[in-house]
Protein chains: 2
Amino acid sequence: MERKLILISNDDGYKAQGIGELTEWMLSLGDVIVVAPDSARSGAACSITHTLPVSLKSRRKKIQPNGHELQIWSCSGSPVDCVKLALERICPRKPDLMVSGINHGDNASCSIHYSGTMGAVVESCLKEIPSIGYSLRTLAQQCDFAPYRETTIRIAQFVLEHGLPLDVCLNVNYPEVDNLQGLRVCRLARGIWNHEWIPAQNPRGVDAYWLTGEFSNLEPSSEDTDYWALDHGFAAVTPITIDMTAYAAMKGLKPLEK
Amino acid sequence: MERKLILISNDDGYKAQGIGELTEWMLSLGDVIVVAPDSARSGAACSITHTLPVSLKSRRKKIQPNGHELQIWSCSGSPVDCVKLALERICPRKPDLMVSGINHGDNASCSIHYSGTMGAVVESCLKEIPSIGYSLRTLAQQCDFAPYRETTIRIAQFVLEHGLPLDVCLNVNYPEVDNLQGLRVCRLARGIWNHEWIPAQNPRGVDAYWLTGEFSNLEPSSEDTDYWALDHGFAAVTPITIDMTAYAAMKGLKPLEK
């Protein structure tokens, strides 16, 4: 039986702790190719680089003790660029699975739209590869990922075994806890970022603003949401569609056709 | 009756021809505030700027002959940053309508994910403002926007009058034609970008790649898609949901809950 091929990316850069742990864990499931940004690209969303050439650097290539192969590449572009380059220029064949993360910071609710972690996942899903993004609700650069190891591998195995529906990928978010309460299949909570700008001045007196913000969950009591799961100690697994068509809204627009 | 307030942004920058035309047209419907990037940000998607301070510059502020007010601001950030800054720091109240574009280049099918034009629209929709992105299938920096004037205003008027469902915004794409065949309410076509990288070398001999690509419509005969509409001379109006939950996929994942 052919060995599974797993592509890994992230938005925190190839040196981040989260992608290191994820890489270790995925090596138990198959051969691994890591293509990740050369430095942090948080908030990169699905952005692409087309005004500059994008470069790749091989950081490591070796056979593991278990016989599995590991390649690590850094890329000067965005997370989406990493996936596009990996698929067209590095991977010997279409990967069986793509995983992204583990992001330092959650990508639940509306934050998914800004996420480079999920940008890489969306790109991979557009290329019809079963794809999973993993994120941890933490602000720390160094943290204990051990509580998420078993669940992370279990979800990846499930997807390797069963696949995912066409145009669907997974957004997995973990709360920062010593012991997960369990796992919930969720929908994205409705949420909004407020108070997003802190005024500043540069040394020459020019006004400027730093982006920050306070997240507000607009439906804190809805138990079927990713935010509720995180707030209550559960891993949140949210299936995400890349078909953003609002089918239910089509009928109401028909008068525009005249 | 209070005058309508319309916020305008784009990803081609505040000097682009497309946003200039859109601004002229929207002034017939209300007061206009333009907040757009200081230079081109194509492919910015929903990216945000949080590692640098973002600055704003007032470019114009005047009362029009018809009594309507016009403000134009440029911003050093992404299209999403523009909208966030506009709403929190510039607009005197929540706008009645947000429009983005007119983009030089279509944002149909999967290209919506990379689009800065639609990034601004998604951000505005997240803030619960009726929002519309307009894009023209062209590669030209200067083009004739006259054929799209009436339809653009008509769609904006429709949204001002009827609103849009919660979490739904519009993605409007125009074909490059002298006369539109009409308007179609569509879904996003399934599509894929192939052959995306052109190898290059920098002057020091380092390998690099330029992002390019060939778009392939995976369902060219589906008459209900945005791509079909564009290919046949119609304006394509696609309702877009910002709730990316794949509800139909939830049941199949339930075994993960154990």
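Two strands are taken to pair if DSSP finds at least two bridges between them. By that criterion, chain A of this predicted model holds an open sheet of nine strands in the order 3-4-2-1-5-6-7-13-8, with mixed pairing. Strand 3 (56–63) and strand 8 (182–185) of chain A are the edge strands, each pairing on one side only. On average, and with direction ignored, neighbouring strands of this sheet are turned by 20° against each other.

One pairing within the sheet can be followed in detail. Strand 2 (residues 31–37) and strand 4 (residues 69–75) of chain A run parallel and are joined by six bridges. In this pairing, A:Val32 of chain A stands opposite A:Leu70, which belongs to strand 4 of chain A. In general, strands of a sheet pair through backbone hydrogen bonds, either parallel or antiparallel.

A helix also packs on the sheet: helix 1 (residues 17–26) of chain A touches strand 1 (5–9), strand 2, strand 5 (97–104) and strand 6 (131–136) of chain A. The direction of helix 1 makes about 145° with that of strand 5 of chain A.

The description now turns to the two chains together. A rotation of 180°, with 0.0 Å of shift along its axis, superposes chain B on chain A with an RMSD of 0.0 Å. The two copies are therefore related as by a two-fold rotation axis.

The contact between the copies takes 63 residues from chain B and 63 residues from chain A. On the side of chain B that touches chain A, the elements giving two or more residues include helix 2 (79–90), helix 3 (116–126), helix 4 (149–162) and strand 13 (234–241) of chain B. By class, this side of chain B has 38 nonpolar, 13 polar and 12 charged residues. Because 100% of the interface residues of chain B are also interface residues in chain A, the copies meet through the same surface.

Helix 2 of chain B, one of the elements that contribute to this contact, is mostly covered, with nine of its 12 residues buried. Among the buried residues of helix 2 of chain B are B:Pro79, B:Val80, B:Cys82, B:Val83 and B:Leu85. B:Asp81 and B:Lys84 are also buried in this helix.

As for confidence in the prediction, chain A averages a pLDDT of 96, and 100% of its residues score at least 70. The model as a whole scores ipTM 0.96 and pTM 0.97.

Key. Residues numbered from 1 in each chain as written. Chains lettered and ligands numbered in written order. Predicted model: local features only at pLDDT ≥ 70, side-chain atom pairs only at ≥ 80, totals over all residues. pLDDT = per-residue confidence, 0-100. Least-squares fit on C-alpha atoms with pLDDT ≥ 70 in both. Contact = placed C-beta atoms within 7 Å. Helix = DSSP H or I, 4+ residues; strand = E, 2+ residues; numbered from the N terminus. Nonpolar A, V, L, I, M, F, W, Y, C, P; charged D, E, K, R; others polar. Axes fitted to C-alpha atoms, helices over the stretch in contact; angles between N-to-C directions. Buried ≥ 20, exposed ≤ 12 C-beta atoms within 10 Å, placed from the backbone.
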